[in-house]
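Please read the following alongside the sequence and the coordinates. The account moves from the whole chain to single elements and then to charged side chains.

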Amino acid sequence: MLDETEIAERTSARSTASSRQPDTDDPARALPKVATGIAGLDEVLRGGLPAGRPTLVCGGAGCGKTLMSMEFLVRGALEFDEPGAYISFEETEHELSQNVRSLGFDVDALVRDGKLVFDHVRVERQEIEEIGEYDLDGLFVRLGLAIDSVGARRVVLDTIESLFAGFSDMAVLRSELRRLFGWLKARGVTTIVTGERGDGTLTRQGLEEYVSDCVILLDHRVHDQVSTRRLRVVKYRGTSHGTNEYPFLIDEDGFSVLPVTSVGLNHAVSVERITTGIPRVDTMLGGEGYYRGSTILVSGTAGSGKTSLAAHFAASVCARGERCLYLAFEESPDQIMRNMRSIGLDLATPVEQGLLRIESARPTLHGLEMHLTQIHRLVEKFDPHAIVIDPISNLSSAGVALDATAMLLRLIDFLKARGTTALLVSLTGGEGVVEASGQGVSSLIDTWLILRDLEAGGERNRGLYVIKSRGMAHSNQIREFLITDAGIELQDVYVGSEGVLTGSLRAQQEARERAAAVAREQDSRRKQRELQRRRAAVEAQIAALQLEFAALEDEGRVSTSEHDARSAVMQTERDAAASRRGADTAASSSGSKQ
C-alpha cells in the first residue's frame with residue numbers, strides 16, 4: 001500500500017498533467033470538467049464542475065446544499081464509475097442516508113459496494129484551542145484515508161463553517177483555508193465544499209469564495225408567501241458559464257436545474273395539420289386545423305366555453321393514439337372528466353389507457369419558476385404530443401405580471417423546441433378587453449381563438465372567431481358557439497340591418513323570414529292564378545272575335561255569290577228580251593243608240 005507521501009506526489013503529478021488553459025476555440029486547450037449528472041446543471045456549467053478543483057456551493061439554510069452535494073457523489077458513482085467520499089461536520093452517516101432516501105438513492109448499497117464512503121468529523125468549539133502551530137493536519141490524514149479507502153474521485157466537505165467555527169484568528173483561518181484548498185487540488189479530486197450564507201458575503205467567513213475555482217450560490221426566497229429556489233453561478237475560473245438565475249427543483253427524482261434562458265429561436269417547424277376536434281372550427285382554419293407543434297391561445301370571459309374547446313382538442317389527440325398532457329389550475333381531474341361527460345366527451349377512457357394525463361394544482365402552490373420546472377419535468381417524463389394548460393391567466397396569482405409573461409415565454413420556447421402542440425387557455429376581463437390575452441403573450445401565439453359573449457334581447461349567447469392564425473388561410477366571420485349534449489356545435493350567425501343576432505333573436509328573425517317567404521310564395525301563387533284567369537278570358541274573347549270574323553267573312557262570300565247570281569240572271573233576261581224582239585245584237589245596239 002502506498003504511503004501518504006507517494007499518494008500526494010502521484011495525485012499532484014496527475015493533477016498537473018490534466019490541467020488545461022481556459023476555454024478557447026481549440027477544444028484541446030479547454031478546461032477539463034467533470035459532469036455532475038444533475039439534470040440541467042451541466043448545461044448551466046457548460047459541461048460540469050472543474051476537474052480536480054474545489055467548488056464552493058453556498059446558500060442559506062434549507063436551500064439544498066447537502067442534497068445537491070450528495071447527488072453529485074451518487075451520480076458519479078452510478079453513472080460515471082467515479083467513487084466518492086463524503087466528509088460531514090454536522091450529520092452522521094445514518095442521518096445523511098435517511099435524508100437522501102427521499103430522493104430515491106440507496107446510499108447504503110453504494111457504501112456496501114465500495115462506491116461511497118462517509119466520515120463524520122465532530123468539531124466542538126470548546127475543544128479547540130489555538131496554540132502555536134495549530135493546523136488541519138489531522139483533517140488531512142482523515143481525508144486521505146477516506147479517499148484512499150474507495151479510490152475516491154469526488155469529495156464533498158459539508159459544511160466548512162463547522163470546521164472553522166473555533167477559529168478566531170483571521171490570519172490563521174485564511175492560511176488554513178488556503179492550505180485546505182491547495183491540498184484538495186494536489187490530490188486531484190473534484191471537490192464540493194458547502195458553506196452557509198454570510199451577512200453581506202457569500203459565506204460566513206467571507207474568504208471561501210475567493211479561493212474557490214467555482215462558486216455556486218443557492219437561494220431559497222419567499223415572495224408573497226410563495227417560495228422559489230434558484231441557482232446562480234457566481235464565478236467559474238477559466239471557462240464560460242451561464243450567468244443568469246435558474247430555478248431548480250428538489251423532489252423524488254432528485255435535484256434538477258432548469259436552464260430556461262438558454263433556449264433559442266432555432267426550433268424546427270412542421271407542415272402537418274391536426275384537427276381541433278371540432279369540424280367547423282377546422283373549416284374556419286382553412287379546413288385542416290392547427291399546425292402540429294404550434295401554440296394556440298383560446299381566450300374569453302368566464303363561462304364562454306374555453307375548457308370545453310380545450311377538452312375537444314385533448315380528446316382528438318387521444319383519438320389518434322397520441323399522448324396529451326392536461327394541466328389544470330382550477331379543477332380536479334375528476335371534476336373535469338365529469339363536466340366533459342355532460343357534453344358527450346369521454347376523457348376517462350384515454351386516462352385509463354395512459355394517453356391522457358391530467359395534473360391539477362393551485363397556482364399558489366409554487367412560485368412561477370417552480371411551476372415552470374415542474375412542467376418541464378412532466379413533459380420530459382410523459383413526452384406528450386400535445387399539452388393543454390387551463391388557464392394560464394391564473395399563473396399571475398403566483399407572481400407579478402412581468403414574471404408570469406417571462407415564465408410563459410420560456411415555456412412556449414421549450415414546447416416549440418420539442419415540437420409539442422400547445423393549447424393555452426386564458427381568462428380575459430369583461431367588455432372592452434376581449435382581445436387581450438391577459439398575460440401579454442399574444443405576439444408569441446400562432447393561432448388565437450377568441451370566445452366572446454353576445455348579449456341581446458335579454459339573452460347571453462356565445463360567439464367564436466379567429467383573430468389570427470399564422471401560415472394559413474382562416475375565416476374572418478363570427479360563428480355562434482353552442483354547447484350541446486353531443487359536444488360543441490358552430491352555426492352561422494345572422495347578420496342583418498339590426499347587426500349580429502344569436503339565440504332567440506336569431507330564431508325569431510328566422511321565423512319572421514320564413515313567414516315572409518311563405519307570404520311571398522302565396523302572393524306569387526295568387527298572381528299566377530289571376531294571370532291564368534285573365535289569360536283564359538282573353539283567349540275566350542279572341543275565340544269569340546275569331547268566330548264573329550269568320551261569320552262576317554262567310555256572310556261576305558254569300559253576299560258576293562248572291563250578287564253574282566243576280567247579275568247573271570239579269571243578263572240572261574236581257575238577252576232573252578232582245579231575242580224576243582228579233583233584234584240582233586248589232587241592230588239592237590244601233591237602234592238603242594238612235
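The paragraphs below begin with the basis of the values and the overall content of the chain.

This is a predicted model, in which local features need pLDDT of at least 70 and side-chain atom pairs count only at pLDDT 80 or more, while totals for chains, interfaces and linings use all residues. Residues are numbered from 1 along each chain as its sequence is written, and side-chain values use heavy atoms, with hydrogens and water left out.

The chain holds 17 helices and 24 strands; helices (H or I, at least four residues) and strands (E, at least two) are DSSP runs, numbered from the N terminus. Of its 594 residues, 44% count as buried, where buried means under 20% relative accessible area, exposed over 50%, and partly exposed in between (1.4 Å probe, protein chains only). Among the contacts (heavy atoms within 4.5 Å) with a separation of 6 or more, 69% come from residues 24 or more positions apart.

Strand 14, residues 295-300, is mostly covered, with six of its six residues buried. In a regular strand the side chains alternate between the two faces of the sheet. Here Thr295, Leu297 and Ser299 point one way and Ile296, Val298 and Gly300 the other, and all are buried. Strand 14 pairs with strand 18 (residues 421-427) in the parallel sense over six bridges; pairing requires that DSSP finds at least two bridges between the strands. Within this pair, Ile296 stands opposite Leu423.

Helix 12 (residues 333-341) has Ile336, Met337 and Met340 buried. These residues lie on the same side of helix 12 because they cover an arc of only 95° around the axis, the arc being that of the directions from the helix axis to the C-beta atoms. Their packing partners are helix 11 (306-319), strand 15 (324-328), helix 13 (348-353) and strand 16 (356-360). On the face turned away from the buried side, helix 12 carries the exposed residues Asp334 and Arg341.

Asp390 is buried yet has no salt bridge, and the nearest side chain of opposite charge, Lys306, is 6.6 Å away. For charge, Lys and Arg count as positive and Asp and Glu as negative; His and the chain ends are not counted.

A salt bridge is a side-chain nitrogen of Lys or Arg within 4 Å of a carboxyl oxygen of Asp or Glu, and by this rule the count comes to 26. One of them joins Asp213 to Lys185, with the closest N and O atoms 3.0 Å apart. Asp213 lies in the loop between helix 9 (208-211) and strand 8 (214-223) and Lys185 in helix 8 (residues 170-187), so the pair ties together parts 28 residues apart in sequence. Asp213 counts as buried because its relative accessibility is 3%, whereas Lys185, at 30%, counts as partly exposed. Both belong to a network of salt bridges that links Arg53, Lys185, Asp213 and Arg237.
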